[in-house]
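Hi everyone, thanks for having me. Please bring up the model on your screens, and we'll walk through a few spots together.

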Amino acid sequence: MKFLPNSISLRLALMFSLVALAGFLLIGLSLRMVLDRELARQEQEQVQARLLDMRYLLERGRSTDLAQRARDKIETLSSTGRARYWLWSEDPRWRYGADAERLASLTHGRRRVLPLESMALLGVDLPATAVRPAVSLVVGVGTEPFSQTLAGFERLLLPIVLIGALGVAALGYWIARLGLRPVVQLSRQAQGIGPHARRQRLSDEPLPEELAQLGRSFNAALDRLDVAYVQLESFNADVAHELRTPLANLIGQTQVALTRERGAPELRELLHTNLEELERLRAIVADMLFLARAEQGARAAQAVPRSLAAEIRKTVEFFEVLLEEAGLTVQIDGDAQAVIETSLFHRAMSNLLQNAVQHAPRGSRLLARVEPARGMARVSVSNSLAEDLPPEQLTRLFDRFYRADASRAGSEANHGLGLAIVKAVALMHGGSVFAHCEQGQIMVGFAVPTIAP
Amino acid sequence: MKVLIVEDERKTADYLRQGLTEQGCTVDLAFDGIDGQHLAVHHDYDVIVLDGMLPGLDGFELLRSLRAVKNTPVIMVTARDGVEDRVRGLREGADDYLVKPFSFVELYARLQALNRRGRSQEPTLLRVGGLHIDLIARRALREGQRLDLTAKEFALLALLARRQGEILSKTTIAELVWDMHFDSNTNVVEVAIKRLRAKIDAPFASPLLHTIRGMGYVLEVREVL
């Protein structure tokens with residue numbers, strides 16, 4: 001549709017006028033055909049009437065000077081100018097008009113008029129009567145008026161059709177504009193939406209059904225974008241917040257230390273404290289980069305086939321001292337073979353265990369489980385909880401910097417990125433994460449694709 | 001240990017030189033790939049610290065041209081930590097790979113590990129002050145007293161003793177004792193050290209296992225002030 005103008009109104013107007021042009025032309029041509037036929041009929045009738053008139057005289061005339069009377073009548077009739085008459089006979093007294101012999105033979109035996117040199121001719125052969133020999137009578141009527149009528153019609157037809165089509169185009173354009181007015185309204189509304197007016201939506205109240213659909217889809221798209229926008233916004237705020245605390249500590253401590261002379265031990269103490277804060281910053285930055293890479297689609301590159309239970313056992317072994325300190329035991333259940341990058345798997349597993357160790361009541365038992373399910377191995381850690389997490393918290397567990405227990409904020413070593421990293425690791429293996437909570441048991445885990453046996 | 005540092009970031013290069021010099025290393029600096037290549041090819045170093053992105057000649061290019069002539073151990077240091085970069089560095093012949101920001105302790109530990117590689121067999125009997133460790137019998141004694149250690153505690157002590165006087169970061173310890181190759185945010189190592197300390201130091205007068213805050217742990221005899 002490249003040849004069409006890039007405007008719905010113009011397109012509609014153009015298409016309307018094309019359709020109108022075709023319609024008008026069709027009607028015009030049909031009318032012309034009807035007119036043509038009608039004119040021909042009239043022509044025939046006129047010629048026939050004149051022929052009858054003359055024939056009557058020739059057939060019924062009984063006077064001896066019939067030839068003269070016929071001649072007189074012809075003169076009278078011809079004087080009006082439209083009709084002409086010819087007579088042809090073996091007898092030279094019964095001849096009238098130039099070229100009468102040829103015309104008589106041309107029209108001989110024809111029932112319809114013969115068009116010849118802008119005349120319509122009709123002839124008849126009359127047998128001899130008592131007062132005259134056999135004659136051929138030919139009558140001609142000028143067709144000029146008929147063809148003029150037709151030509152006049154044709155001259156008018158084209159301009160009328162064109163003007164009509166143009167009129168339809170103009171009307172069509174106006175109607176299209178009228179019909180598209182809600183679109184202009186919609187666009188004006190959309191222009192008002194931006195970062196400063198994020199909550200604003202298109203109102204589908206006065207919209208026609210076709211556009212209301214579009215309006216609703218557009219609003220739904222805006223809602224989805226808004227959610228992502230809010231996430232990004234709060235994420236930026238979170239990052240800034242997480243980095244702000246250690247930075248503030250670093251600046252403050254250093255400034256305080258420099259306000260007066262300090263001995264070497266004091267300065268060393270300061271440097272140690274600074275180093276701890278810097279370590280914290282480094283860990284946050286490293287984790288953020290890790291998450292960013294996973295989100296940009298990085299995949300586990302050095303994955304090898306492994307028994308998941310064996311890798312879980314190794315991670316649990318790593319956690320042994322922490323578990324003992326917290327008075328916890330771990331039961332490992334199930335196994336599956338999967339292609340994993342072991343260091344990433346250990347990292348995810350370690351974060352799950354860390355999470356469980358932090359929240360499980362003293363003396364309870366953790367359950368580390370591997371369950372094969374439809375081509376995936378679901379790896380999870382379950383622990384008891386004092387009270388169930390509400391579902392809305394459960395879905396946010398894997399968000400960056402999200403802490404279900406707000407009062408613990410900042411006290412943990414893993415600065416609220418632990419489960420986000422689990423999710424990233426799952427993503428890097430083409431897997432997913434899940435969390436369930438019921439009857440005082442919470443299960444958090446991730447799934448990785450298994451090796452087909 | 002003779003070390004070449006090829007690094008275009010002056011501040012980084014300077015603190016690395018100071019740190020390594022103070023640890024007793026001889027350090028040469030190159031601020032771009034061309035100088036670095038010249039030094040690396042025409043001198044013999046024990047280890048080369050090589051930045052990935054360099055003016056003049058890319059770190060990876062330098063590594064390739066160096067590997068064509070000699071096998072000096074190289075540790076790549078780079079701000080890019082994409083897996084492909086890591087794989088590429090190691091494929092081009094780097095012996096180790098560190099991502100910025102890295103800790104100095106970590107770097108030094110890895111330099112020493114590279115330097116130690118291929119050396120003669122390590123002793124099986126280690127001694128730190130009054131502490132004796134028999135790696136074969138898997139036994140540890142302090143002032144003649146048998147220490148009751150778990151397998152992991154023994155492995156941890158053995159590591160610290162083998163690297164006595166050297167600061168070991170938590171990451172290095174987690175890697176070498178538990179085979180956990182990731183930047184752990186847990187306090188497993190802290191707790192393990194605390195427990196080990198309770199067994200090897202608490203009953204005795206002078207502590208051997210020291211915490212260097214923000215860096216790691218070191219096993220050594222320190223003069224009592």
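Let's start with Leu178(A), which is partly exposed at 41% relative accessibility. For that label, buried means under 20% relative accessible area, exposed means over 50%, and partly exposed is in between, using a 1.4 Å probe and protein chains only. Leu178(A) sits in helix α4 of chain A, residues 144–191; helices here are DSSP runs of H or I with at least four residues, numbered from the N terminus.

A quick word on the source: this is a predicted model, where local features need pLDDT of at least 70 and side-chain atom pairs count only at pLDDT 80 or more, while totals for chains, interfaces and linings use all residues. Residues are numbered from 1 along each chain as its sequence is written, chains are lettered from A and ligands numbered from 1 in the order written, and side-chain values use heavy atoms, without hydrogens or water.

Now hop over to chain B. Is Glu153(B) buried or exposed? Glu153(B) is buried, at 8% relative accessible area. Glu153(B) belongs to helix α6, residues 151–162 of chain B. A polar atom of the Glu153(B) side chain lies 2.9 Å from the backbone nitrogen of Thr150(B). Setting aside neighbours within four places in sequence, Glu153(B) is in contact (heavy atoms within 4.5 Å) with Asp148(B), Arg195(B), Leu196(B) and Lys199(B).

Finally, back to chain A and Leu308(A). Leaving out neighbours within four places in sequence, the contacts of Leu308(A) include Phe345(A), Val370(A) and Val448(A).

Key
Helices (H or I, at least four residues) and strands (E, at least two) are DSSP runs, numbered from the N terminus. A polar contact is a pair of N or O atoms within 3.5 Å; within protein, one must be able to donate a hydrogen and the other to accept it, and residues adjacent in sequence count only if both atoms are side-chain atoms.
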